[in-house]
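Hi everyone, thanks for having me. Please have a look at the picture with me, and then we'll walk through it together.

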Amino acid sequence: MLSIIIPTFNREKGILRLLEYYINKSNFKIIILDSSEIKYTSVEFKSFVKNSRVTYFHFDKKILLVEKIIKGLKAVNTKYVVLCADDDITSINALKVCTHFLEK
C-alpha cells in the first residue's frame, strides 16, 4: 500500500480535485498537511476528510514546510510513501507501476 503526502496552502479546490481522484480511483492513503489561513469548510471537503484513508492536519502558516512533512511522515503506516504538490496530479497507474517495481 502507498501513502500520498500533500502539503497545501490556500488551495481548497485543488485539494478537492486531488481527493476525488485518489480516493475514488485507488486504495491509497492520503495525508493532507494544510497551513491555509482558513480551515476548509465545504461539505465536500468535510466528507472526504471523514474517509478512513484520509488523515488531515491543519498547521499555523508560520510552521516550516519541513516540520509539516516530518509530522506527515510520522503518520504514515504504509510500506511506501510519495510526496506530491497540491497543484500536481500524479497518475495512479504510474504510482502502481512504481509500487509494483519496488515490490519486485
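**The sheet and its surroundings**

Let's begin with the sheet: four strands make up an open sheet, ordered β3-β2-β1-β4, and their pairing is parallel. Which strands stand at the edges? They are β3, residues 54-58, and β4, residues 80-83. Each has a single partner strand, so one side of each is left without a neighbour in the sheet. On average, neighbouring strands here are turned by 15° against each other, ignoring direction. And before I go on, please remember that this is a predicted model.

Now let's zoom in on one pair. Strand β2, residues 29-34, runs parallel to β3, and five bridges join the two. If you'd like one to find on your screen, look for I30: its bridge partner in β3 is V54.

Next, the helix. Helix α3 covers residues 65-74 and packs on the sheet. Which strands does α3 touch? It touches β1 (2-8), β2, β3 and β4, and its direction makes about 150° with that of β2.

Staying with this helix, find V66, which sits in α3. Together with L64 and I70, V66 forms a nonpolar patch on the surface, and the three share about 280 Å² of accessible area.

Last stop: I63, in the loop between β3 and α3. Finally, compare I63 with L83: they are 20 residues apart in sequence, and their C-alpha atoms are 18 Å apart in space.

Key: Residues are numbered from 1 along each chain as its sequence is written. This is a predicted model: local features need pLDDT of at least 70, side-chain atom pairs count only at pLDDT 80 or more; totals for chains, interfaces and linings use all residues. Side-chain values use heavy atoms; hydrogens and water are left out. Two strands pair if DSSP finds at least two bridges between them. Axes are lines fitted to C-alpha atoms, for helices over the stretch in contact, and angles run from 0 to 180 degrees between N-to-C directions. Contact means heavy atoms within 4.5 Å. Patches are made of residues with over 30% relative accessible area and no salt bridge: like charges are joined within 9 Å, nonpolar side chains (Val, Leu, Ile, Met, Phe, Trp, Tyr) within 5 Å. Accessible areas come from the Shrake-Rupley method with a 1.4 Å probe; for residues, only the protein chains shown count as cover. A salt bridge is a side-chain nitrogen of Lys or Arg within 4 Å of a carboxyl oxygen of Asp or Glu.
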